[in-house]
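Please take me through this model stop by stop. At each stop, tell me what to select and what I will find there.

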Amino acid sequence: MKPLQVACLTPYQPSVGASTRYRIGQYVPLLEQHGIQVRMVPFASPKLQRILYQPGRRLAKLAALVGSALRWLPQALQDTDVVFIQREAALLGPPLVERWLSHRYPVIYDFDDAIFLRQEVGVNGPLARKLRPLTKTSTLIGLSTMVFAGNEYLAEYARQYNSHVHVVPTTLDHVMIQPKDQQAHSKLLTLGWIGTNATTRYLELALPALEALAQVRPFRLLIVGADQPIEIAGVECINRRWNLEQETADLQEMDIGLYPLPESTWSLGKCALKAIQYGAIGIPTVCTPIGMNLEVIHDEVTGFYASTSAEWVRRLTQLIDDAALRTRLGATARQRIVQHYSLFKYDEIIAHYIRQAADGPQPQMSNI
C-alpha cells in the first residue's frame with residue numbers, strides 16, 4: 001500500500017520549536033511504521049530564528065520574515081494527501097495559503113497554547129500585533145477537517161468553530177528520557193527551571209520566594225533557556241542556553257522542578273510540558289495550581305501546589321529537608337508520565353485520526 005503523505009506546516013524548525021518537536025516531530029518515525037510519511041515544512045528560516053527574539057532589529061526581522069515566506073510558499077504548495085497545520089504555521093499575514101490548501105486537501109489543525117488571545121508581552125509584541133491577525137486561530141480551526149487541541153480548555157474554544165475536535169495532550173519519549181541517577185548529587189540540592197525567551201517572565205514570578213528561601217536553606221538554581229541571566233544573592237545560579245542535545249542531561253541535574261505561572265486565561269491554555277519533563281526524570285514539581293498543572297501534577301502525590309510566596313517557600317523547604325519525600329513523589333511522578341503522557345500511548349491514535357481525516361469528515365468521536 002502506498003504510504004499516506006502528510007505535509008506538516010510548522011512555524012519553526014522542529015529542532016528549535018518545542019511545540020513542533022513534541023506535538024508532531026517526535027511522532028514522525030512512529031507514523032512511518034503506520035504507513036504515514038510526514039514532510040516537515042517549517043516557515044522560519046535559521047536566520048529568522050536567530051534574530052526573532054532579539055530586542056529591536058525590526059527591519060532585519062521583517063526582511064527575514066519576507067524571505068522565509070518566499071522560501072516556504074512553494075514547499076507548502078507541493079502535492080500531498082493531508083495537510084497538518086501546527087499552531088500559526090506562517091508567522092505573518094492572514095491564512096491565505098492555508099485557506100487555498102483547505103479547498104484541495106483534508107487539513108488537521110493542531111495547537112497547544114491560547115494563541116487566540118492577544119499577547120502584549122515580549123520583544124515582538126507590537127510587531128506580532130501588526131503581522132498576525134487575532135482571528136487567525138479561529139479561521140484556521142474553521143477551515144480544518146479536524147482539530148487537535150492540547151487540553152480541554154483549548155478544545156472548548158475550538159468547538160465553537162469545528163465539530164471534529166480531539167484532545168491530544170503533549171507527550172514525550174519516556175524511553176529516551178530516563179530518570180536521573182539518584183546517587184549523583186551535587187553538594188547542594190538543585191532547583192531547576194527549563195523554558196524559553198518567551199517564558200522567562202514566568203520564572204521571575206517565583207524569584208521573591210527563591211530569595212526568601214535562600215535566607216533559610218542553601219540550594220543551587222539551574223536555569224535553562226532564559227532570555228537573560230537570573231541572579232539571586234547568596235545562591236549559585238547556573239544560567240545555560242537551551243541545547244537540544246543537552247536538554248535531557250540538564251533536566252537530570254535537577255532535584256526539584258519549578259513551574260510558576262500567572263493566574264490568567266493564557267495559563268489555562270498551557271499544556272504543562274515542564275511538569276511532564278520534570279516527571280519523566282523522576283523529580284517532584286512545585287507549581288502554580290492552574291490549568292493543565294492540576295492534571296499533570298497531583299498535590300502531595302507527584303509534587304506540590306503553591307500560590308503565594310509563603311507557600312513556595314514552605315513547599316520547597318519541605319522538599320529540600322526530606323530526601324525520602326523527594327524520592328517518593330518523584331517516583332510517582334515518573335509513573336504517571338509513563339502511564340498518561342508517553343508518545344507510545346498516542347502514536348496509533350494519531351495515525352488513526354490522520355487516516356480518518358484523509359477519508360473525509362466523519363461523525364465526531366469521543367475525545368481521547
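Contact here means heavy atoms within 4.5 Å. Keep in mind throughout that the model is predicted.

**Stop 1**

Select Leu 221. Leaving out residues up to four places away in sequence, Leu 221 touches Leu 191, Leu 210, Ile 230, Ile 232, Val 235, Glu 236, Cys 237, Ile 238 and Leu 258. In soluble globular proteins, nonpolar side chains tend to be buried together.

**Stop 1: the second largest pocket**

Select Arg 21, Tyr 22, Gln 26, Asp 173 and Met 176. Of the 14 residues that line the second largest pocket, these lie nearest its centre. The space in this pocket is about 240 Å³. Next, colour three helices: α1 (18-23), α2 (28-33) and α11 (247-252). Each of these helices supplies at least two residues of the lining. Which classes make up the lining of the second largest pocket? There are nine nonpolar residues, two polar and three charged.

**Stop 2: Gly 35**

Step along from α2 to Gly 35. This glycine sits in the loop between α2 and β2 (36-42). Is Gly 35 buried or partly exposed? Its relative accessible area is 23%, so Gly 35 counts as partly exposed. Show its contacts next. Setting aside neighbours within four places in sequence, Gly 35 is in contact with Pro 3, Leu 4 and Arg 355. Then draw a C-alpha to C-alpha distance from Gly 35 to Ala 351. The two are 316 residues apart in sequence, yet 8.7 Å apart in space.

**Stop 3: two cysteines**

Select Cys 271 and Cys 287. How many disulfides does the model hold? The count is zero. For Cys 271, the nearest cysteine sulfur is that of Cys 287, 15 Å away.

**Stop 4: Ala 272 and helix α13**

Move on to Ala 272, in the loop between α12 (265-268) and α13. Check its backbone: phi is near 60 degrees, a positive value in a residue other than glycine. At 2% relative accessibility, Ala 272 counts as buried.

Now select helix α13 (residues 273-280). Eight of its eight residues are buried, so α13 is largely enclosed by the rest of the structure. Show the side chains along α13. The buried residues include Leu 273, Ile 276 and Tyr 278. Lys 274 and Gln 277 are also on the buried list. After α13, look for Gly 282, which has a positive phi near 80 degrees.

**Stop 5: Glu 300**

End at Glu 300. Where is Glu 300 found? Look in the loop between α14 (293-296) and β12 (303-305). Check phi here too: Glu 300 has a value near 65 degrees, positive in a residue other than glycine.

Terms used. Residues numbered from 1 in each chain as written. Predicted model: local features only at pLDDT ≥ 70, side-chain atom pairs only at ≥ 80, totals over all residues. Heavy atoms only, no water. 1 Å grid on protein atoms, 1.4 Å probe; cavity = no way out; pocket = protein on both sides within 12 Å on 5 of 7 lines; lining within 4 Å. Points joined across faces, edges and corners; volume = space filled by probe spheres on them. Helix = DSSP H or I, 4+ residues; strand = E, 2+ residues; numbered from the N terminus. Nonpolar A, V, L, I, M, F, W, Y, C, P; charged D, E, K, R; others polar. Disulfide = S-S within 2.5 Å. Buried < 20%, exposed > 50% of the residue type's maximum accessible area, 1.4 Å probe, protein only.
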